[in-house]
Structures are given as structure tokens and as C-alpha cells.
Amino acid sequence: MTTRTKIENDEVCFHCGLSVPIGKAWGVDFDQHWRPMCCPGCEAVAQAIINNGLASFYQKRTAYSVSAKSPMDVLGNITSSQPEVESSNDEVVETSLIIEGITCSACIWLLERHVQHLKGVVSFKVNYATRRALLKTLKGTARIDDVLLAISSIGYRALPFDASKQFSNLQKERKDFLSRVGVAVFCGMQVMMITLGIYIAGPNEIDADMLQFLKWVSALLTLPVVLFSARPFLQAAYRDVKNKMPGMDVPVALGISLGFLASIFNTYKGQGDTYYESVCMFVLFLLLARYVEFLTRWYAMSSSERLTQAVPVIAKRVCADQSVESISAKSLILEDKIQINPGEVIPADAIVLMGSSQVDESILTGENEPIYKRVGDALLGGSHNLDNTLIARVSCVGKDSTLSTISRLIDRAHAEKPDWVVVADRFASVFISMVILVTVGTAVFGYLQGHVDWFSTALSVLVVTCPCALSLATPTAYTAAMSSLFDRGIIISNGVALEKLAGIERVIFDKTGTLTQGAMTVSNETIFQGQDKQTMLDIAISLEGFSDHPIARAFKQRKALLKHQVINVQQTNGAGLKGKIQGKFYYLGSESFISESLGLKPDIADLSVTQVYLASGDGLLAVYEIHDDIRNGAQSIVTWLQGQGKKVSLLSGDKQTPVKWLAKKLGIKDVQFEASPSDKLNEIDRLQLNGDQVAMVGDGVNDAPILAKADVSISVSGASQLARASSDILLMNNDMQSLQNTFQLSKKMGVAIKQNMGWALLYNVGALPLAIAGHVEPWQAALGMSVSSLVVVLNSFRLRFALPTVNKVGASTGLHSG
């Protein structure tokens, strides 16, 4: 019993500060005290704030709130402080929510349809695995509290997304599952022992009064199973019926309720069959199946949600006077200098300014081996510094950071569903209605025919035809597969693409930064017209400062003595760029770019390497030779793909000789060189018109439109932000073995889905005639339906272990690409 302690401001409302009417008992228990309220509205608002984990609102406020009549009025104001991510369109705001109460894919369809009809809502997609929803609204036209209220009106609960809150919700859900399973196991075992004794002895050998007593004991033991263990099914069924959208829980709830009520009725009458053991077994095995499904979601969330918790709370910023201060990591801005000591987590994407160290990036790339970082190298926020202190410059914060980008891609992947799944979700309620009609028809027919066991037959039909396994067949497989790939540094941003990948017939590779490392260096330089070597290099570095191409990074690694101001910069994708320095235009790029821009025909000394030319109106000034290594695993993935019967092509904008040299080293026969972005786009279009399903693998520096055009687009590590947004699959580590893993698991996922669907349909269709004919007892139907769901979930769960734990390609091939 709560003790109401008189406190200093008892005469005013704890929420709004207005006077509390005499003799009224409105209020809430908060912080071990009774807090009086002036009206039921304030009481409801305060209780909603506390229940939603937002009690710190009262601890941090500086003034009383305005009196409100709806909890959503206050919750709307509080949730506006939650992080909202602006999309590329400034008029659209993205908000993440956690949805509670989801039990099957039909719930997802109902939620999405209901919310998308609200004014100002652009889209609303719910992640079945993590229960997270991505809400897109037009700025200024839709309020978050209206959305929360709309979700609440159909029986679900929505909260602003918070990583720590979600984890506590998972812990709470897990404990709830275990407690319900525990009650079902304990009570069900006692009921089964009693039922077994009756079956063995036979009803004629047991005294009638004793038999009646045992049945009432069984009823008493089954009651907590129905009221506590089965409560989630009953509540969900009530919500579905209320919304006129029957889901998977409706036939489950009907089976439990009818079996229990019929047993009570027959026990009271002292004649007829009882189904207490069937009810207990049904609830127990169904809970076990749901718990295994929950574990699948748990592992999926623990893999992806750890990204949101990877960045530390505190960062060490280096001030202008070289002193170090501790600040919130969220308050870091671009160009801030930070210090990362050994053992600390890197608080933001940054560039190393001073020091060198081994860095563990396994949380992002899945690679167990630390990576050596030195001056000029990029650091990823969330990775661990292992050896030495680093001084770095913040290069990316907020929604543009690597972690934020990956989190959004993962959310997008889980929200995507194949078209046939969307149709299936839409007609799930129709299927459930047909199940109920078949059950009613069986009961009416049996009753009219005078069958003694007409009720038990109808009950068996209801339980047997429940399509729980069917509803779990696809989402559990998707969740397990994407979680397994994520653990290996493979990010699936479009779940549908993972299914498509198994049917891909042609794989097209870009050259630079894809089949090669992309970590280019200037290996040689030739100077013309008696120019100064360093002066020419300074001009080239200044021009390349405006490019993100891997070749540009080769120049940026060199040290410039004089950084020129460049104006009137014009870039030609994949070819080169020009800019004005000190009143004079300079051109830097490929042979064809120089030839088209100035009409010069450079005398190429070495055709086997990639060359970059610097020229002006006075003629050719310098030629730079670019060196690049073949990426680890490139040769093995090409060989493996060809062994799988897939066509492999190399499509590059580089010159003929280095492209053909690389193709020969890797065993690729279909080669195109000096291809512009438009040429690449036309080639993919031609292949698709010929009926080929095309996967494009690139780094995205010049290939974002090409990646978007392909049936499945794959970006390799080091890809540009635009490529990440355009890609369906992102390989975070440097080893092309990841691509083989993705193809392998895509195929295995497709097989698992077909197995799940086949088993679920075989069970439902095969068991139905037997149940209608009266050959299936209710307890057998309960066991069969539960085991069917369990088989589907476990079959999907094994995808997490379908790939070898360690399957790395050996050391670098040692081959060099020009």
C-alpha cells in the first residue's frame, strides 16, 4: 500500500501549478511521494510521462507545464527533443519510433496502412525484426503526437526511439516470456500427470467423485495458463477483432478460449470430454515457438543496435592552446581536433593529424585483424584505438557519419519486403477468416450429423489450420540472414536485393577501387618544358583537392610546399578537371581528357600503367604514373563466380593496356575500357534488355547512377557517401571474400524460405483433411501446430551459422595494377 506523504507544495498541482480542489484525490506516485493533481487530465498526462520513461522531464523542468487534457499534448512536446534526422529533402523529416505489441506480419501491414493515411505522413515503414519504425513526415504539417495517438488508437504503443530504452524493453520482454513459459510448464506438467493417470487407469476404474475432483483440479491448474501465460494471444486477438483485421492470434485465442470454456462446461455438467491438457500444451509450445522467434530478433538487434551504442559519450577535444578538455561527443563539430588515447573508442569520423596506431574496426568491417593507421588515414567513429595516442581532425559528424549512414541503411533493409510478401500480409486477414469459416462449417456439419465428438473435431480443425508457421516463414529467414552478414561486415540496405542476388546471371566489376585497392600512390613523374618538379606537383595537388576519386587521393598523400587557390573549377566525371590558378587554366586528367580539351596528343611512354597528365595552354607539363595493388581476394572471387556459372565483366574508364592487364591477371574475358559513365549506363541497359539479371560492383566515385541502374548494386569498402545511398549491399572490409559469402548466404536464404513455405503449407494442407475426418485429437493438433512453427523458426535461425566463422583469404597476392 502506498504511503501518501505530505510535501511542501501539496496545495498546487504537481504538473501545471494550479490549485488542487478540496476533497479531490487526483494524483500520481512519483519519486517515493504522492504528487497531487488538479484534474484527471493532468493526472493522465503525468502518468503517461512516467510510464513512457520520461520522468526526467519533471526533474529538469524550470517551470510548471501548461495544463493539458491529453497525454499526447505533453508527450508531443517532449518527443520533439528526440533526435530527428533530416533527409536529403529539406521538407521531409525522419523520426525513429519503437512499436510495442507487434505479433505477426499482419500487424505490420495494419500499422503501415493506418499511419500512412494520416495528413502530412510521407511514408511509414516498420522493421519486423527490431520493432523500429521509420516515419517520414512533411515539415510543419504533421505532429509526432498525432501519429502516436493514431497508433495507440488501434491497440499498439509507440515510443520515441532510444537505444538504451529499447535494450531495457528487450530485457523486459525476455523476462516476461520466461515467466509465462515457466507458469505454463509448471501447471501444464501437473495437468498432464493427472490426465495421464486418468488415461492409464480408465474412467471406469476411478471413483466418479474422485474423477470429478481431478477434473476440477485440472481446471484450477489450467486457469493461470489461460489468464497469464496465454494473455498476450488473447489481448492481440481482441485488438485485431476490434480493428476488424483478424491476425494470426485470432484462431489461437479462439482455440484456447473455446477449449478451456468447453472443458469447464463439461466438468460442471459432469459429462463429456475435457481439453485441459490440450490447452496447456497448445499455450506452452506456442510460447516456446514465439520465444525462439524472439531470440532471432534479439540476435539481429544486438548486431545492428550495437552501432548506435558504439560512439562514446565523452570526447577529448584539443583546444587552441593545446590543452585537452572533455566534452560531450555529440557536441563535436567539423574541423575539431580530438585526442584518442590507447584503449579509447574513436568518438567521430576523423583524419589522423599526428601519431600512428593499430585500430580495431571490427564493429564496422567484421575484420578481426587490427588496421595500422598513420598520418592522413581515415578513422571511423566507433572503432577502437589499440596502441598509441592519436591526434585527429573531425571529418564527419551527425547524420553524415559512417555509423549513422550504416544504421539508416540497416533500418531501410529491414523495412523492405518482397512484393509477394506485401500481398500475403494484405490478405492475411482473409485467410484467417477462411480458417474460422472452415471451423464453423466443420462444427455445424458434425452437430447436424449427430457426431458425439463434433466439438473436439472442430477444435482440432481450428488449431491445425492456424497459419502461424506460414507467417513466420519469410521474415525470420530475412532477419537471420542479414544478421549473419552484418557480423561479417556486410551491410544489407535493401532486403529484397538479398533475395534477388541468388538469381543474378552477370556480375560487372569496376576497376579502380573495386578490383584494385584504391589506395593509389604516385610512383613516377616526368616533367616537360624545363618546369620545376615541385611547382608542377603543387598545381596538381591543388587541382585534385576538388576531387574524391581514388587517383586524387594519391596526389593528396604527397606534400605540397605551396597550396594554390583554384577558381572556375570544372570536372568531367571519370576523365579529369580544369581550374584557373593565378589567371591561367590548368588541365589534369586522362590522355583523352587532355586531347579533347587542348587538342594535344601526348606521347605515351608506358602503356602498361595508369597515367595522369598535367597540361596548360602552353602544352604538356607533366605525366604522373599511378600505382595500385589488386584487392585481396579479387582473383578468387572472379574464379568462384565463373565456377558458379555466372558471367563476369570488367567495365572501366581506364586505358586499354592497364585494364586488359588486370583482366588477364584475374581471368576476366569480357572487358570494356575507356568507358565513360554514360557508356557504362548504356551497357547495363543493353544487358538488361537482353534478359540478363545484372549485379554491379563498384566504389561509387563515378558510378552512383550505374549502381542505381543495376538489378543489384554492391559497394566495396571505401565507397563514397553517394554510393552507399545508391547501393543495395555494402562490403565494409577490404577482402572480396565478403562478396562470395553474400552470394552463398543469398542462395541458402532462398532455399530456407522455400523449405519454410513448403513445410508450412504441407502441414496445414495435409493435416486439415485428417482433422476434419476426426483423426486428430485437440492435443495432437496443438502439438503439431506449435512444432510446425518451431521448425520454421529453427530452420531460419540456422542461417546465422550457415557461413564459416573464419573464412579469410590469405595475404595479399602481391600483384600490382597500373
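Three strands make up an open sheet, in the order β13-β12-β15 and with antiparallel pairing. Strands are DSSP runs of E with at least two residues, helices are runs of H or I with at least four, and both are numbered from the N terminus. Two strands count as paired if DSSP finds at least two bridges between them. The edges of the sheet are β13 (371–373) and β15 (384–385), each of which pairs on one side only. Strand β12 spans residues 357–360 and joins β15 in the antiparallel sense over two bridges. Here Val-359 stands opposite Asn-385 of β15.

The model is predicted; local features need pLDDT of at least 70, side-chain atom pairs count only at pLDDT 80 or more, and totals for chains, interfaces and linings use all residues. Residues are numbered from 1 along each chain as its sequence is written, and side-chain values use heavy atoms, with hydrogens and water left out.

Lys-316 has Ser-326 in β9 as its bridge partner. The two strands, β8 and β9, form a hairpin with five residues between them. In the turn, Gln-322 has a positive phi of about 70°.

The protein chain as a whole contains 29 helices and 30 strands. Of its 818 residues, 52% are buried (under 20% relative accessible area; exposed is over 50%, partly exposed in between; 1.4 Å probe, protein chains only). Contacts are heavy atoms within 4.5 Å. Among contacts with a separation of 6 or more, 68% join residues 24 or more positions apart.

The largest nonpolar core has 44 residues. Such a core is a set of buried Ala, Val, Leu, Ile, Met, Phe, Trp, Tyr and Cys residues joined through side-chain atoms within 4.5 Å. Phe-509 and Leu-739 touch the most other members. Beyond its neighbours within four places in sequence, Leu-739 contacts Phe-509, Ile-637, Val-697, Ile-714 and Leu-731. Another core, of 42 residues, lies apart from it and includes Ala-230, Tyr-276, Leu-287 and Phe-294.

On the surface, Val-440, Val-444, Tyr-447 and Leu-448 form a nonpolar patch with about 430 Å² of accessible area together. Patch residues have over 30% relative accessible area and no salt bridge; like charges are joined within 9 Å, and nonpolar side chains (Val, Leu, Ile, Met, Phe, Trp, Tyr) within 5 Å. A salt bridge places a side-chain nitrogen of Lys or Arg within 4 Å of a carboxyl oxygen of Asp or Glu. Accessible areas come from the Shrake-Rupley method with a 1.4 Å probe; for residues, only the protein chains shown count as cover. Val-440 belongs to helix α14 (residues 428–448). Val-440 is partly exposed, at a relative accessible area of 44%.
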